[in-house]
There are 2 protein chains.
Amino acid sequence: MSGGAPDEFGLIAELFAPLAAGFPGALGLTDDAAFIPAEPGYDTVATMDSMVAGVHFLPDDPPDLVARKLIRVNLSDLAAKGAEPRLLLLSAAFPVGVGQDWLRAFGAGLAEDVREFAVHLIGGDTVSTPGPLTLTLTALGRVAAGRGLKRSGARAGDTIWVSGGIGDGALGLKAIRGQLPGLAAAHLEFLAGRYRLPQPRVGLGPRLVGLAHGAMDVSDGLVQDLGHLCRASGLAARIAAARVPLSPAAAAALGHDQSLLASVLAGGDDYEVLFTAPPGAEESLTRLSAELGVALTAIGSVAPGETGKVAVTGPDGRDVDVGQGGWRHFGDPQQGE
Amino acid sequence: MSGGAPDEFGLIAELFAPLAAGFPGALGLTDDAAFIPAEPGYDTVATMDSMVAGVHFLPDDPPDLVARKLIRVNLSDLAAKGAEPRLLLLSAAFPVGVGQDWLRAFGAGLAEDVREFAVHLIGGDTVSTPGPLTLTLTALGRVAAGRGLKRSGARAGDTIWVSGGIGDGALGLKAIRGQLPGLAAAHLEFLAGRYRLPQPRVGLGPRLVGLAHGAMDVSDGLVQDLGHLCRASGLAARIAAARVPLSPAAAAALGHDQSLLASVLAGGDDYEVLFTAPPGAEESLTRLSAELGVALTAIGSVAPGETGKVAVTGPDGRDVDVGQGGWRHFGDPQQGE
């Protein structure tokens with residue numbers, strides 16, 4: 001760790017150092033690199049995601065939730081590969097003049113999720129920027145050698161499954177922006193919470209190894225991500241909109257305004273696991289769902305066809321047009337990337 | 001890899017994908033994570049450094065050199081730990097409206113150094129930012145298990161060594177800014193090149209395993225970094241300014257203006273290896289220097305004393321005051337952190 005403005009430098013070191021506790025190779029974050037012992041029998045799974053204030057989160061979002069979202073979007077990627085999370089490297093470009101209170105709250109958020117997910121911060125960098133807060137996390141996990149789940153693993157005839165509920169993240173952003181008039185306060189609060197604090201399926205992911213064929217997390221929108229999975233697997237998909245699992249809050253929102261279905265199917269920020277499995281896996285998946293208390297819902301199937309194409313049967317039985325492989329939502333200034 | 005503005009998205013994917021060639025676990029950068037097989041007998045060495053336009057490099061620096069500097073500052077950290085470089089993850093926050101020509105030149109720079117250092121790009125993220133170009137690299141290397149070099153490894157009585165020449169980077173920035181009047185054009189060009197394109201000591205670093213005790217790279221300035229090494233090792237240091245190795249260009253600059261010694265000792269951006277070794281290692285180090293064609297120069301020694309204190313004997317035999325452990329050069333807008 002190096003850098004930061006003079007006063008903040010010490011504070012950041014003080015806040016981050018305890019997050020390395022329990023992993024000797026992190027050297028207490030006092031060196032330029034960390035040493036990670038090899039674990040024979042495992043593959044290391046590496047992912048890296050960045051978040052920019054005003055692009056991936058709201059500039060006035062609570063700093064502890066920003067920190068936790070950063071960790072969680074990365075752990076969601078690991079979970080969808082079947083990996084258990086282990087180690088984090090964090091690079092933070094803090095705007096000039098970031099306050100000590102902000103940094104303390106950010107550090108508290110990191111600490112909370114480092115504890116919750118039993119991971120260690122082992123390194124990174126701290127710099128200052130004349131631009132917006134820019135955060136990058138590299139997360140390292142592990143999975144039994146050769147057993148990791150890939151986008152490309154789907155096979156013709158597989159059933160398509162998703163965990164949890166879809167659409168909460170996109171609707172949560174609308175809730176925060178006051179774009180869901182008439183929805184009960186409890187629902188608005190639930191949706192906003194799902195946008196601000198994703199729940200990566202770290203318990204589920206590793207249990208899907210051996211059951212799932214193709215897998216990825218839903219971060220850019222269900223239809224778009226399913227398109228990615230199909231392209232990687234050389235297949236096409238059909239899903240039924242009516243089967244896509246909705247939280248009570250999302251169902252209530254759609255009850256008010258059916259046109260929100262587009263946001264549900266393509267809005268992003270779900271951080272659920274999207275996977276395919278052979279029809280014979282249904283019983284095992286049903287048992288796993290009950291054991292973990294995580295909903296697992298079959299929403300369609302993959303088959304040979306126009307590679308990467310995702311067809312959606314609408315509630316009325318006719319195809320819903322969600323564009324070429326789903327929206328990329330570039331028009332949305334908060335989702336922009 | 002996800003994100004980017006619509007047009008650039010495809011271009012970036014096209015430019016980056018070939019950089020994953022030769023490492024199957026990168027999955028051609030088409031997945032959300034990479035799979036890295038365990039290598040029994042080795043520790044993975046992980047480092048992460050960020051660079052912000054206008055802070056760590058000049059906004060109008062050639063894009064290929066920006067890309068290569070990003071790789072090299074990270075490989076310099078690995079080298080100083082005794083590690084050979086293996087894998088890279090890159091996160092790039094590109095300013096809105098970054099041009100295709102810029103991206104192509106940036107990609108060409110990445111490709112050049114991926115080839116030169118025989119590493120693979122295995123993942124990362126691409127986002128857009130309303131702020132300055134912000135680049136973060138995670139570099140993974142390997143070293144024989146338990147043999148990696150640490151800042152904390154120095155022992156009382158060790159000789160302090162540095163590779164190559166010190167001060168070129170800081171003087172190079174001055175050269176680019178026109179702050180070295182009267183220096184020959186060839187010297188100015190050499191120094192500017194050393195600022196823009198560091199030469200990480202990837203050949204040297206792994207060969208120091210078993211010879212060096214404490215080690216780190218010189219990135220924040222010789223005196224400051226030596227202070228870090230001494231603090232981690234619980235020792236104090238004394239070096240002789242007259243022994244600090246200078247390139248012919250740096251020597252010429254000091255010949256014009258002796259006050260530039262401060263920039264040489266504390267200016268940063270050297271990316272040389274600073275290490276300590278027992279006096280008995282001198283013969284081996286001299287042989288290694290000759291074999292590799294890399295200068296290795298003894299500049300002082302470490303001993304018990306005020307922990308972290310670095311004393312510098314000036315050319316006139318009196319102590320040079322370089323402040324508390326060296327400058328942090330926060331006052332310098334280009335060197336910001």
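The paragraphs below go through charged pairs, one annotated region, aromatic pairs and charges over rings. This is a predicted model, in which local features need pLDDT of at least 70 and side-chain atom pairs count only at pLDDT 80 or more, while totals for chains, interfaces and linings use all residues. Residues are numbered from 1 along each chain as its sequence is written, chains are lettered from A and ligands numbered from 1 in the order in which they are written, and side-chain values use heavy atoms, with hydrogens and water left out.

Side chains of opposite charge can pair when their charged atoms come close. A salt bridge here is a side-chain nitrogen of Lys or Arg within 4 Å of a carboxyl oxygen of Asp or Glu. Over all chains the structure holds 38 salt bridges. One of them joins A:Lys69 and A:Asp269, at 3.7 Å from N to O. A:Lys69 lies in helix H2 (residues 63-80) of chain A and A:Asp269 in the loop between helix H9 (261-266) and strand S9 (272-277) of chain A, so the pair ties together parts that are 200 residues apart in sequence. Helices (H or I, at least four residues) and strands (E, at least two) are DSSP runs, numbered from the N terminus. Both A:Lys69 and A:Asp269 are buried; buried means under 20% relative accessible area, exposed over 50%, and partly exposed in between, with a 1.4 Å probe and protein chains only.

Helix H2 of chain A also holds A:Arg72, whose side chain meets that of A:Glu116 in a salt bridge of 3.5 Å, N to O. A:Glu116 is in helix H3 (residues 100-116) of chain A, 44 residues from A:Arg72. A:Arg72 is buried at 1% relative accessibility, whereas A:Glu116 is partly exposed at 46%. The two belong to a network of salt bridges that links A:Arg68, A:Arg72, A:Glu112, A:Asp113 and A:Glu116.

In chain B, the closest N and O atoms of B:Glu84 and B:Arg142 are 2.8 Å apart in a salt bridge. B:Glu84 lies in strand S3 (residues 84-95) and B:Arg142 in strand S5 (residues 134-144) of chain B, so this pair ties together parts that are 58 residues apart in sequence. B:Glu84 is partly exposed at 31%, and B:Arg142 counts as buried at 19%. The charged end of B:Arg142 also sits over the ring of B:Tyr42, 4.3 Å from its centre. For this, NZ of Lys or CZ of Arg must be within 6 Å of the ring centre and within 35 degrees of the ring normal. B:Lys69 likewise lies over the face of B:Tyr195, at 3.8 Å from the ring centre.

An unreviewed UniProt entry places the feature "domain: PurM-like C-terminal" at residues 155-311 of chain A; UniProt positions are in the numbering used here, feature names are shortened, and annotations may be inferred rather than shown by experiment. Over this stretch the chain is 40% helix and 19% strand, with its end C-alpha atoms 17 Å apart.

The structure holds eight aromatic pairs over all chains. Rings of Phe, Tyr and Trp (its six-membered ring) pair if their centres lie within 6.5 Å; planes under 30 degrees apart count as stacked, over 60 as edge-to-face and the rest as tilted. B:Trp102 and B:Phe106 are stacked, 5.2 Å centre to centre with 20° between the planes. Both lie in helix H3 (residues 100-116) of chain B, four residues apart, about one turn of the helix. B:Trp102 is partly exposed at 22%, while B:Phe106 is buried at 0%.
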